[in-house]
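Let's take a walk through this one, starting with the overall fold and ending with a few charged side chains. Have the model open as you read.

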Amino acid sequence: MDQEPRHSMPAFARQPVTVRPISPAETYALRHAVLWPDKPLSYVQLPDDLNGQHFGAFTNSPEELVSIISLFIDDSGAARFRKFATASEWQGKGIGSALLKYTIEAAVKLGATRIWCDARQSALGFYRRFGMSGEGAVFFKSEVPYLRMSRPLS
């Protein structure tokens, strides 16, 4: 039986983490707790979750899932990541950065030519550090302002 690929990323993250593929269901608790805690759990479940790839960042001692992201690649080669969330007590420690770096590398390996997301306005600086730039006008999901961010992949 093949073992899931695991990637330790202590150099990029300020906290040692392991990133590996996870199931859609494993993303739901963090998606809900971090992104939309006032909505029902079903609000964070996507109709196309089964078509995506989902990655989790785990602390190593003890192992705990602390950050999640979901990646979807369309027929045009555009990769979209969605529902990117890091537990509040683990934010600012480089774990989300390590997970996004891993996700961008996964998109490149899968042949994507561009990556994009709908970013919360409060996180635009984070995405700019990854070479992403804004497209279009700010829009709202519920009361939260968002901006589409993207960058080419090479």
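What follows goes from the whole chain down to its salt bridges.

Keep in mind that this is a predicted model. The protein chain has three helices and eight strands, and from the N terminus they come in the order β-β-α-β-β-β-α-β-α-β-β. With a radius of gyration of 15 Å, close to the 15 Å that the globule rule gives for 154 residues, the chain is as compact as a globular protein of that length. Its C-alpha atoms fill a box of roughly 45 × 40 × 30 Å along the principal axes, and 46% of the residues count as buried. Take the contacts between residues at least 6 apart in sequence: 59% of them join residues at least 24 apart.

Now for the charges. The whole structure holds seven salt bridges. One of them pairs Arg-80 with Asp-118, at 3.0 Å from N to O. Arg-80 sits in strand S5 and Asp-118 in strand S6, so this bridge ties together parts that are 38 residues apart in sequence. Both residues are buried, Asp-118 with a relative accessible area of 15%.

Asp-118 also meets Arg-148, again at 3.0 Å. Arg-148 belongs to strand S8, so here the parts tied together are 30 residues apart in sequence. Arg-148 counts as partly exposed, at 31% relative accessibility. Through shared partners, Arg-80, Asp-118, Lys-141 and Arg-148 form one salt-bridge network.

For a local example, look at helix H2: Lys-101 and Glu-105 lie four residues apart there, about one turn of the helix, and their side chains form a salt bridge at 2.8 Å. Lys-101 is partly exposed at 31%, and Glu-105 is partly exposed at 34%.

Key. Residues are numbered from 1 along each chain as its sequence is written. This is a predicted model: local features need pLDDT of at least 70, side-chain atom pairs count only at pLDDT 80 or more; totals for chains, interfaces and linings use all residues. Side-chain values use heavy atoms; hydrogens and water are left out. Helices (H or I, at least four residues) and strands (E, at least two) are DSSP runs, numbered from the N terminus. The radius of gyration is taken over C-alpha atoms; the globule rule is 2.2 Å times the number of residues to the power 0.38. Buried means under 20% relative accessible area, exposed over 50%, partly exposed in between (1.4 Å probe, protein chains only). Contact means heavy atoms within 4.5 Å. A salt bridge is a side-chain nitrogen of Lys or Arg within 4 Å of a carboxyl oxygen of Asp or Glu.
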